Amino acid sequence: MNYKFSARELLLIKILAVIAFILVFFYGTSFVANEINKSKNLIFYEVDKFNEKKQLLAQIQALENNKNLELSKDDFLLDLTKNNITYELKGDEIIIPGLSNLDALEIMTNIEESNVDINAFKFSVGESTNIILTIEFNG
């Protein structure tokens, strides 16, 4: 049993084939575009994670470098003089009288940030709200 398609049926099959090809092409390109966007977003996410890790490593390296650089007693005294802070020397101890709360906190912050080689420190309250800071250096 051989069946011959009429011209009208052949035209209809050709039109359906073109429409099917266009639909497959449209959905295929849409699928590829979505996968490319997903891949791009994943790459951006991974790059952000990498940059965060790189920044953390740079901060750790800077902290490590600062840790290895110790500020000496003479440099600390020079810094105090530069900031117009009066002090007294008694052996390895530096006594800084007449400080306000903020000045004492600033000096202690500078000691920590500059990695000053101290053995001990002592806060004591003098007259009214004046603070006396005593710093004992190593060596």
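Lys49 is partly exposed, with a relative accessible area of 30%. In this predicted model, the side chain of Lys49 meets that of Glu46 in a salt bridge, 3.8 Å from N to O. Glu46 is partly exposed as well, at a relative accessible area of 39%. Lys49 and Glu46 are separated by about one helical turn, because they stand 3 residues apart in helix 1. An α-helix has 3.6 residues a turn, so residues three or four places apart point the same way.

A search of the whole structure finds 2 salt bridges. Besides the bridge of Lys49 and Glu46, there is one between the side chains of Glu35 and Lys38, at 3.6 Å from N to O. Lys38 reaches 54%, so it counts as exposed.

## Confidence

The mean pLDDT of the protein is 85, and 92% of its residues reach 70 or more. Confidence is highest in helix 1 (residues 7–68), at a mean of 93. Confidence is lowest in strand 3 (residues 118–125), where the mean is 78. Where pLDDT is low, the predicted coordinates should not be read in detail.

## The nonpolar core

The largest nonpolar core has 16 residues. Those with the most contacts inside this core are Phe76, Ile96, Ile107, Ile111 and Ile135. At least two core residues come from each of helix 2 (73–82), strand 2 (93–99), helix 3 (101–114) and strand 4 (131–137). In soluble globular proteins, nonpolar side chains tend to be buried together.

Ile111 illustrates how the core is joined. Not counting residues up to four places away in sequence, Ile111 touches Phe76, Val116, Ile118 and Ile135. Two of these partners, Phe76 and Ile135, are themselves listed with Ile111 for having the most contacts inside the core.

Which residues of helix 2 are buried? They are Phe76, Leu77 and Leu80. These residues are on the same side of helix 2, because they cover an arc of only 100 degrees around the axis. Strand 1 (88–90), strand 2, helix 3 and strand 4 are among the elements that cover them.

The other side of helix 2 has the exposed residues Asp74, Leu78 and Lys82.

## Asn84 and the loop after helix 2

Helix 2 is followed by Asn84, which lies in the loop between helix 2 and strand 1. Phi of Asn84 is near 55 degrees, a positive value in a residue other than glycine. Most residues other than glycine have a negative phi, and most peptide bonds are trans. Asn84 counts as exposed because its relative accessibility is 71%, and the cut-off for exposed is over 50%.

Leaving aside neighbours within four places in sequence, Thr134 is in contact with Glu93, Ile94, Ile95, Ala120, Phe121 and Lys122.

## Aromatic pairs

The structure holds 3 aromatic pairs. One of them joins Tyr3 and Phe5 edge-to-face, at 5.7 Å centre to centre and 90 degrees between the planes. Tyr3 counts as exposed, because its relative accessibility is 59%. Phe5, at 47%, therefore counts as partly exposed.

Phe26 and Tyr27 form another edge-to-face pair, with 5.4 Å centre to centre and 65 degrees between the planes. Both of these residues, Phe26 and Tyr27, are exposed.

## Lys90 and Asn37

Lys90 is in strand 1. This lysine is exposed, because its relative accessible area is 51%. Lys90 and Asn37 are 53 residues apart along the chain, and their C-alpha atoms are separated by 70 Å.

Definitions and conventions
Residues numbered from 1 in each chain as written. Predicted model: local features only at pLDDT ≥ 70, side-chain atom pairs only at ≥ 80, totals over all residues. Heavy atoms only, no water. Core = buried A, V, L, I, M, F, W, Y, C linked by side-chain atoms within 4.5 Å. Buried < 20%, exposed > 50% of the residue type's maximum accessible area, 1.4 Å probe, protein only. Helix = DSSP H or I, 4+ residues; strand = E, 2+ residues; numbered from the N terminus. Contact = heavy atoms within 4.5 Å. Arc of directions from axis to C-beta. Phe/Tyr/Trp six-rings, centres within 6.5 Å; stacked < 30°, edge-to-face > 60°. pLDDT = per-residue confidence, 0-100. Salt bridge = Lys/Arg side-chain N within 4 Å of Asp/Glu carboxyl O.
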